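Please read these points with the structure open beside you. They go residue by residue, then helix by helix.

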Amino acid sequence: MPMRQTLDFLLHHWLDVEGLCQRPRFAEHSAETFGAVLDTCQKIAEQKFAPFNRLVDTEEPSFDGERVTLPRATHEALAAYVQSGMLAAAQDHEQGGMQLPCTVEMAGNAFFSKASVSMGGYAMLTSGNASLLMAHGTETQKRVFAQNEFAGRWFGTMCLSEPQAGSSLSDVATRAVPDGSDFESDPLGPRYRLKGNKMWISGGEHEITENIIHLVLAKIPGEDGKLPAGVRGISLFIVPKKLVDTEGRLSGERNDVALAGLNHKLGYRGTTNTLLNFGEGKFRPGGQAGGGLDGAGSGAVGYRVGKPGEGLRCMFHMMNEARIGVGLGAVMLGYAGYEASLEYAKQRPQGRPMSAAGKDPGSPQVPLIEHADIKRMLLAQKAYVEGGLALALYCARLVDEQQTGEPEAAREAALLLEMLTPIAKSWPSEWCLEANSLAIQVHGGYGYTRDFPVEQYWRDNRLNMIHEGTHGIQGLDLLGRKVVMDGGAGLQLLASRVNATILRAGQVEGLAEHAGALAQALARLGGATKSAWASASPQDALANATPYLQAFGHVVLAWIWLELALAADGAERDGAVDANFAAGKRGAARYFFRYELPKIDAWLGVVAARDATCRDLSVEAF
């Protein structure tokens, strides 16, 4: 079935996006305007992005020491994206936005992620950057920086990691010192000079737009000149590539942000990935004296966002948005591979069916899809990618509820979003990567060649397991913080939602078996959570945080699939979808419950036992 049909089903027959039009913020919208947005996104993605996905992979960014060069197709694709208005789609009308629900915005962006996730990455980062500033910036910062990003005049980045620190943000060593005695009076925000190095910065250098707005984590030294220890000492700064005035006009001065080099990864090659040097002295903004790191007034000019020491709290606004965006990107790469392998399996004749008398070599070959094992691999992909898409859109629907719902509904939506964000990022990054692997296998030997696109989808998707926090980090966040916060309130709320679905499905013929299996899985998850923390020792509990994350994700996706099976039954009864479409959803749900959900027993076994195999093995034993 075409992806658009599944999107429409999820939006209209499961998430009820039309119901959002009853709310004042979305009152000017309707099913027709939502459909028009999706039509536009699909058209641009298919015409400007998809045809060049292989091109940006083979002609990856190059740096001659002065300039970064990208294929012209990248510039044209992103210009078309900007013209569509999607950068500001969910923003207020006064900011040039459409006031679209986040759910519809994410559905529209799914087309771009599927067509070329690496070209679309620039827009995802820019939108998240500007959204952070809208939440935490001053009115001037919103007007000068965020609005120019939403307009597509400037693009944005997030600069967290450093060569020596990686994911350990408490070890950030980039310094930010006040720029003069009047630093607090700058209309663009308290002005500082930054010196340090940032690594793995996607979109860190290009000439797609006239300026790049970096959001940089750095530490402000104490009176003794030493950097504060830990993450509580981290502050957040706007560091533009080119300096601007309070009207958003370029001043003509280049900020001291220099590209040290490009990182060449196995995938996402259409997105520049950079090592940036801040304050190395290559450029001299503001008439800085001296050219080196010790020169008076030297360093990259940065404007503080929020209060000192609150940088990580502010940055999490962008990080959490980016985590859901990464999850959606992983889903759509998996979806692209699924569609390619499905088409190949339908067209490629190979092998003959086995009968009681064996195979008849004189009979015609059958399409690959006639073989049970090929159907297994296709069903697995379908379960992973359609379930992952539903999860991403459900999270977007929670954002809409949080922002526009009644107070209690908004509070619950925010709590559920806290619980599900680690899953929305990590589960698709693992299992939609597995979908890409299966897509290669369906193609056989051809899948391993560049004659077919599935090997590129796998390479691109492999990066999503590290984007915006590794599996290990997501697992520690989930088991170490999310499930125990507020006395387990988030876990209890999620369990109540799952139990409500179980009760509904338990009354439906053909779904009662799945409802029972999910009830048992939910009970095992709850029991394992308690057992993990039974000794009250974080070391005991968190040694197996990743298996816990995997099991938690599979329980959530089983719940999603039970919801989708119920929705498919209702849509079929109403004549909104045909029998084949509904059968496909029920078949994927059945596959997930029979082939995937049983995997949680092994994962939860080591969690509940607080197994110390990995934690206690000595370094020397390796």
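1. Lys48 is partly exposed in this predicted model. Its relative accessible area is 35%, which lies between the 20% limit for buried and the 50% limit for exposed. Lys48 sits in helix H2. Leaving out residues up to four places away in sequence, Lys48 touches Ala77, Ala80 and Met119. Ala489 is another matter: Lys48 and Ala489 are 441 residues apart in sequence and 46 Å apart in space, C-alpha to C-alpha.

2. Val37 also lies in helix H2. Is Val37 buried or exposed? With a relative accessible area of 12%, Val37 is buried, because buried means under 20%. Its contacts, neighbours within four places in sequence aside, are Met86, Met98, Leu100 and Val104. Ala107 is 70 residues from Val37 along the chain, and their C-alpha atoms are separated by 9.4 Å.

3. Helix H4 covers residues 72-84. The buried residues of H4 are Ala73, Thr74, His75, Ala77, Leu78, Ala80, Tyr81 and Ser84. Their cover includes helix H2 (31-49), helix H3 (53-58), helix H5 (102-136) and strand S3 (154-159). After H4 comes Gly85, with a positive phi near 85 degrees.

4. Helix H1 (residues 3-14) can be checked in the same manner. Its 12 residues should span 16 Å at 1.5 Å a residue. The end C-alpha atoms are 15 Å apart, which agrees. Buried in H1 are Met3, Arg4, Thr6, Leu7, Phe9, Leu10, Leu11 and Trp14. These buried residues pack against H2, H5, helix H7 (311-347), H8, helix H15 (545-573) and H16. Just after H1, Asp16 has a positive phi of about 50 degrees.

5. Lys382 belongs to helix H8 (residues 372-404). Lys382 counts as buried, since its relative accessibility is 10% and the limit is 20%. Which side chain joins that of Lys382 in a polar contact of 2.9 Å? The partner is Glu386. With neighbours within four places in sequence set aside, Lys382 is in contact with Tyr338, Gly387, Trp561, Gly584, Lys585 and Ala588.

6. How do H8 and H16 pack? The axes of H8 and helix H16 (residues 579-596) are 9 Å apart, at an angle of about 100 degrees. H8 is therefore roughly perpendicular to H16. From H8, the contact uses Arg376, Leu379, Ala380, Lys382, Ala383, Tyr384 and Glu386. From H16, Gly584, Lys585, Gly587, Ala588, Tyr591, Phe592 and Glu596 take part. Sorted by class, the contact has 7 nonpolar, 2 polar and 5 charged residues.

7. Arg459 is found in helix H10 (residues 454-462). Arg459 is buried, because its relative accessible area is 10% and buried means under 20%. What does Arg459 touch, not counting residues up to four places away in sequence? The list is Arg54, Asp57, Leu266, Gly267, Arg269 and Arg450.

Technical notes:
Residues are numbered from 1 along each chain as its sequence is written. This is a predicted model: local features need pLDDT of at least 70, side-chain atom pairs count only at pLDDT 80 or more; totals for chains, interfaces and linings use all residues. Side-chain values use heavy atoms; hydrogens and water are left out. Helices (H or I, at least four residues) and strands (E, at least two) are DSSP runs, numbered from the N terminus. Buried means under 20% relative accessible area, exposed over 50%, partly exposed in between (1.4 Å probe, protein chains only). A polar contact is a pair of N or O atoms within 3.5 Å; within protein, one must be able to donate a hydrogen and the other to accept it, and residues adjacent in sequence count only if both atoms are side-chain atoms. Contact means heavy atoms within 4.5 Å. Axes are lines fitted to C-alpha atoms, for helices over the stretch in contact, and angles run from 0 to 180 degrees between N-to-C directions. Angles under 35 degrees count as roughly parallel, over 145 as roughly antiparallel, 65 to 115 as roughly perpendicular and the rest as oblique. Ala, Val, Leu, Ile, Met, Phe, Trp, Tyr, Cys and Pro count as nonpolar, Asp, Glu, Lys and Arg as charged, and the others, Gly among them, as polar. The expected span of a helix is 1.5 Å times one less than its number of residues.
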